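Let's walk through this structure together, from the overall fold down to a handful of individual residues. Keep the viewer open as you read.

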Amino acid sequence: MAEFEMLTIQGLGVSFDGFKAVDDLNFIVDRNELRVVIGPNGAGKTTLLDLICGKTKSTSGSIMFKTMDLTQMKEHDIVRAGVGRKFQTPSIYENLSVSENLEVSFPRGRSAFGALFFKRAADVIDRVHKVAEEVMLLEKLDHQAALLSHGQKQWLEIGMLLMQDPELLMLDEPVAGMTVNEREQTAELLNRISKNRSVIVIEHDMEFVRKIAHKVTVLHQGKVIAEGSMDKVTADPRVIEVYLGH
Ligand code: ADP
Ligand code: MG
């Protein structure tokens, strides 16, 4: 198979009523890389994820996911192509069990009838168990999702995304509102799941960022102002001025 980056963004821009939320942005994420994007409020971080997942249409530039230009694709086709995105607020089915939440997230497409049904049922059960173990909810499979802690709900939603086995997973502030202990476990979880997929995380908690980031990209006013190792980026005077110093 040909070698290529997982995600190559060039000259990306979007304007809202003349205001450039993302401005001539270049951004490359490798295979099996865990990239953290930081920056002050309003820097364009969430908008960047909105552009990648097709929720917002760009006004300029390209977003190549492997060999596909995502700017030309609809949101559901982008999901099907292998891009998963978690929003800031969890969107799980509170009335369903953990297991059912994972089951409904299993990709459809094959016939649910006849002989295939049983094969698929076994597939689904197998996958539900694997994912539940990965997101530390194996013991909670039969519990109603509403009864989970805030952190466990966040993990369940990550699990729902993992059911689709995305090659690129994007998480917007995943540890906001979590306890110290849940943050630590989430760091381990993200380190595990980035072993065989690319992950982009937006996060403010710098202690957490240090635990997970391979590289850090700093956004400010819709542009990349610094990029590289955690040490390099946190020592950058411009980054301290616009973000870390506050
Ligand atoms: P961040 O996630 O870095 O805090 P956002 O990407 O949410 O920042 O927002 C970047 C800027 O773009 C903000 O000034 C925000 O108000 C503006 N913005 C984001 N989405 C929209 C939209 N759909 N319509 C108008 N303005 C928007
Ligand atoms: Mg945001």
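The secondary structure of the protein comes to nine helices and 10 strands, where helices (H or I, at least four residues) and strands (E, at least two) are DSSP runs numbered from the N terminus. Before going further, a note on the ground rules: this is a predicted model, in which local features need pLDDT of at least 70 and side-chain atom pairs count only at pLDDT 80 or more, while totals for chains, interfaces and linings use all residues. Residues are numbered from 1 along each chain as its sequence is written, chains are lettered from A and ligands numbered from 1 in the order in which they are written, and side-chain values use heavy atoms, with hydrogens and water left out.

How does the overall size of the protein compare with that of a compact globule? For 246 residues, such a globule would have a radius of gyration near 18 Å, and the 19 Å of the protein agrees with that. The radius is taken over C-alpha atoms, and the globule rule is 2.2 Å times the number of residues to the power 0.38. The C-alpha trace spans about 60 × 40 × 40 Å along its principal axes. Of the 246 residues, 50% count as buried; here buried means under 20% relative accessible area, exposed means over 50%, and partly exposed lies in between (1.4 Å probe, protein chains only). The accessible surface of the protein is about 12000 Å², and carbon and sulfur atoms hold 52% of it. Such areas come from the Shrake-Rupley method with a 1.4 Å probe, and for residues only the protein chains shown count as cover. As for contacts (heavy atoms within 4.5 Å), 68% of those with a separation of 6 or more join residues 24 or more positions apart.

Now turn to ligand 1. Which residues are around ligand 1? They are Phe-16, Phe-19, Ala-21, Pro-40, Asn-41, Gly-42, Ala-43, Gly-44, Lys-45, Thr-46 and Thr-47, each with a heavy atom within 4 Å of the ligand. Strand E2 (19–29) and helix H1 (45–52) each supply at least two residues of this shell, and the largest share, three residues, comes from H1. By class, the shell has five nonpolar, five polar and one charged residues. In this scheme Ala, Val, Leu, Ile, Met, Phe, Trp, Tyr, Cys and Pro count as nonpolar, Asp, Glu, Lys and Arg as charged, and the others, Gly among them, as polar.

Several shell residues place polar atoms by oxygen atoms of the ligand. A backbone N or O atom of Gly-42 lies 2.8 Å from an oxygen atom of ligand 1. Polar side-chain atoms do likewise for Lys-45, at 2.8 Å, and for Thr-47, at 2.5 Å. Taken alone, ligand 1 exposes 550 Å², and the protein buries 58% of that. A polar contact is a pair of N or O atoms within 3.5 Å; within protein, one must be able to donate a hydrogen and the other to accept it, and residues adjacent in sequence count only if both atoms are side-chain atoms.

Next, look at the backbone in two loops. Most residues other than glycine have a negative phi. Asp-17, however, has a positive phi near 50°. Asp-17 lies in the loop between strand E1 (7–16) and E2, and counts as exposed because its relative accessibility is 86%. Lys-66 also has a positive phi, near 55°, and sits in the loop between strand E4 (60–65) and strand E5 (68–69).

Strand E4 is also the place of Ser-60. Is Ser-60 buried, partly exposed or exposed? Its relative accessibility is 35%, so Ser-60 counts as partly exposed. Leaving aside residues up to four places away in sequence, Ser-60 touches Gly-11, Leu-12 and Gly-13, and its side chain reaches the backbone oxygen of Gly-11 at 3.4 Å.

Gly-82, between helix H2 (75–81) and strand E6 (83–86), is buried because its relative accessible area is 9%. Beyond four places in sequence, Gly-82 touches Phe-65, Pro-166, Glu-167 and Leu-168. Asp-205, in the loop between strand E8 (198–202) and helix H7 (206–212), has a relative accessible area of 18% and is therefore buried. The side chain of Asp-205 reaches the backbone nitrogen of Phe-208 at 3.0 Å.
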